[in-house]
Amino acid sequence: MNKTTPTFESLPQCVARIEEKLDAVAMAVEALALKNFPKTACNCKREEFIKTKDACKLLGLSRSRVRCLAEQRLIPFYKPGRDLLFKASELTAWIASSSHPAPHSL
């Protein structure tokens with residue numbers, strides 16, 4: 001383990017490495033939980049993740065806009081490594097929660 005003290009300039013890279021390691025730990029914990037506690041009693045199907053390309057189609061937005069919204073943590077996403085992953089149901093719920101009522105007509 002590298003025990004050097006990070007400089008202010010290196011903090012973004014340090015945080016990125018910590019996020020990647022945390023994502024890996026979270027995935028490992030989920031895999032262990034599924035292995036040790038399978039959902040055999042439930043016949044429900046696990047929702048599959050969709051990639052950025054499919055999220056763009058669902059939202060009707062460009063790839064850069066979707067990535068920007070994810071970076072700003074304005075839309076729900078998962079980042080188990082380099083790729084962004086989404087759940088269609090969460091994006092649909094995000095769209096529904098972002099709706100604004102139409103103004104009353106005069």
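How many of the 106 residues of the protein chain, as a percentage, count as buried? The figure is 15%, where buried means under 20% relative accessible area and exposed over 50%, with partly exposed in between (1.4 Å probe, protein chains only).

This is a predicted model: local features need pLDDT of at least 70, side-chain atom pairs count only at pLDDT 80 or more, and totals for chains, interfaces and linings use all residues. Residues are numbered from 1 along each chain as its sequence is written, and side-chain values use heavy atoms, without hydrogens and water.

Start with the whole chain. It holds 4 helices and 2 strands, in the order α-β-α-α-β-α. Helices (H or I, at least four residues) and strands (E, at least two) are DSSP runs, numbered from the N terminus.

Next, select H2, residues 52–59. Thr 52, Ala 55, Cys 56 and Leu 59 are buried here. Seen down the axis of H2, these buried residues fall within an arc of 105 degrees, so they line one face of the helix; the arc is taken over directions from the helix axis to the C-beta atoms. Turn to the other side of H2: Lys 53 and Lys 57 are exposed.

Now show the cover. The buried residues of H2 lie under elements including S1 (50–51), H3 (63–71), S2 (85–86) and H4.

Ala 55, Leu 58 and Leu 59 in H2 meet Ala 88, Leu 91, Thr 92, Trp 94 and Ile 95 in H4, contact being heavy atoms within 4.5 Å.

Last stop: Gly 60. This residue follows H2 and has a positive phi, near 70 degrees.

Note on methods: Axes are lines fitted to C-alpha atoms, for helices over the stretch in contact, and angles run from 0 to 180 degrees between N-to-C directions.
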